[in-house]
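This briefing is written for a reader who has the sequence and the structure at hand. Please look at the structure shown here before reading the notes that follow.

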Amino acid sequence: MNWLQHSTGGLLLLAAVGIAVLLLLIIRFKTEPFIALTVAGLLVALGAGLPVSTIVGSAQSSSKSLLETGFGGILGHISLIIGLGTLLGSILEASGGAQVLTTGLLKAFGEKRAPLAMGLSGLIFGIPVFFDIGIFVLAPLVYVAAKRGGRSIVLYALPLLAGLSITHAFLPPHPGPVAIAGLLHIDLGWMILMGLACGIPAWFVGGILYSTWIGKRINLPVPEEMLAAAQKAAEDSGSNDRKPPSLGLVGTIIGIPLVLILCGTFGSILLPKDSLALDVFAFLGTPGIALTIAVLLAFWLLGYRRGMTKAQAGQLSAASLRPVAMILLVVGAGGFFGAVLAATGIGTALSGSLRAAGLPVIVLVYVISCGLRLAQGSATVAIVTTGGIIAPLLPELHYSQPHTALIAMSIAAGSIIASHVNDGGFWIVSRYFGIPVKETLASWTVLETVLSLVGFAMAALLSVFV
């Protein structure tokens, strides 16, 4: 036991066993990821010989225990951001903002460039909405565009999916990027900047170049039942007396929080200390404040002013926030798992092993994230677990904020590689676009791999210069 708890080899073995238990619980026994992360963290802590009082506290006080500080430390940072981001996405969806955005882009680019318009729709609308919600809302528009263009639905669906996937993995306020920012103590402004720097090239290569190439080789018509459902939805929305919001208003509301957060980040660098301007930028650029402003504007301009009642707004908010609970539990459990790895000395052992092996951290985290993604399917779980493993190592390396943000991008890139049958997103794509499993593997799975590889390549390249 002394070797297991105090030697480098023993600690690394303990970490490997903990991750193996985690994957076994998720894959073999179908345990909820937050329970699996909690159990794995507890087993590693007990195996490392940490006192019970350190792990869970006592009957009189548990506020300083690893269990509570691990959960609470990360949830205190991300809960408000994820909740507000979810509300923003829900009001944009309910107001018809997605349809306005996509229709405007289709008109601007024309039928010949409709796949590019769909890709931009996914990239822009994917900022405030979850991946699956983006598909549910925008899929009918893909059906109609593909039918009008007379080409394969794959050619129109993949660019949209690429945009949604990139924003889901690389940009706040999505759970994965927000969680890794909290675990690695990264300013969200740098996360946005590096997310765009790595994500947009990946989207262009995968969502435009690859999607155009494969869309011409997999010729699948739009299923008639899906087209009929899309036309019925369009008729239903046409019967609504509410005037749709303008494209400029939708774009402004989506952009406000991103601009405010970036102003807060770079204002702290460029503005003189103790200045009023710095205080204003710091306040408005705080992610929670920036998103609160955007949500209030969205509910007023897209909701109440267009006939939404208070009761409808309440129902919309309650419905949109229900899925957030499970996400927060997963992220909190990941924070606890990371806190255990730090307290046991596993982070220090891993750091020493890396120095000896000469393996760059940005490569290591990509490999870990890829492995977790392939094994259990969830991008968010892969990001959170990799962040928990690597977080104890980073303080000793003294990386700058931009460099740490690029490490987070490498983790994000690994989290989306090779979506296959153990990923819920794989089946959503196959079902909603009527693509058989074989063709889904040849199109969607390869697309995710291209996005992952290009995103990682950009992160590795940029890390040389920051």
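The protein chain exposes about 19300 Å², and carbon and sulfur atoms supply 68% of this area; accessible areas come from the Shrake-Rupley method with a 1.4 Å probe, and for residues only the protein chains shown count as cover. This is a predicted model, in which local features need pLDDT of at least 70 and side-chain atom pairs count only at pLDDT 80 or more, while totals for chains, interfaces and linings use all residues. Residues are numbered from 1 along each chain as its sequence is written, and side-chain values use heavy atoms, with hydrogens and water left out.

**Overall form**

- The protein chain has 23 helices and zero strands; helices (H or I, at least four residues) and strands (E, at least two) are DSSP runs, numbered from the N terminus.
- A compact globule of 466 residues would have a radius of gyration near 23 Å, and the protein chain agrees with this at 23 Å. The radius is taken over C-alpha atoms, and the globule rule is 2.2 Å times the number of residues to the power 0.38.
- The C-alpha trace of the protein chain spans about 70 × 55 × 45 Å along its principal axes.
- Of the 466 residues in the protein chain, 55% are buried; buried means under 20% relative accessible area, exposed over 50%, and partly exposed in between (1.4 Å probe, protein chains only).
- Among contacts in the protein chain with a separation of 6 or more, 80% come from residues 24 or more positions apart, where contact means heavy atoms within 4.5 Å.

**Aromatic pairs**

- The count comes to eight aromatic pairs; rings of Phe, Tyr and Trp (its six-membered ring) pair if their centres lie within 6.5 Å, and planes under 30 degrees apart count as stacked, over 60 as edge-to-face and the rest as tilted.
- One of them is the tilted pair of Phe-136 and Tyr-432, with 4.9 Å centre to centre and 35° between the planes.
- Phe-136 lies in helix 8 (residues 131-149) and Tyr-432 in helix 22 (residues 424-432), so this pair ties together parts that are 296 residues apart in sequence.
- Phe-136 is partly exposed at 32% relative accessibility, and Tyr-432 is partly exposed at 24%.
- Tyr-143 and Phe-433 form an edge-to-face pair, because their ring centres are 6.2 Å apart and their planes stand at 75°.
- This second pair links distant parts of the chain, 290 residues apart: Tyr-143 is in helix 8, and Phe-433 is in the loop between helix 22 and helix 23.
- Tyr-143 is buried, with a relative accessible area of 5%, and Phe-433 is buried at 0%.

**Helix 23**

- Val-437 lies in helix 23 (residues 437-463) and is partly exposed, with a relative accessible area of 36%.
- Glu-448 also lies in helix 23, but Glu-448 is buried, with a relative accessible area of 2%.
- Leaving aside neighbours within four places in sequence, Glu-448 is in contact with Ser-165, Arg-373, Ile-416, Ile-417, Ala-418 and Ser-419.

**Surroundings of Leu-50**

- Leu-50 is placed in the loop between helix 3 (33-47) and helix 4 (52-56), and counts as buried at 16% relative accessibility.
- Not counting residues up to four places away in sequence, Leu-50 touches Ala-45, Ile-55, Leu-66, Ala-343 and Thr-344.
- Leu-50 and Val-340 are 290 residues apart in sequence, and 9.2 Å apart in space, C-alpha to C-alpha.
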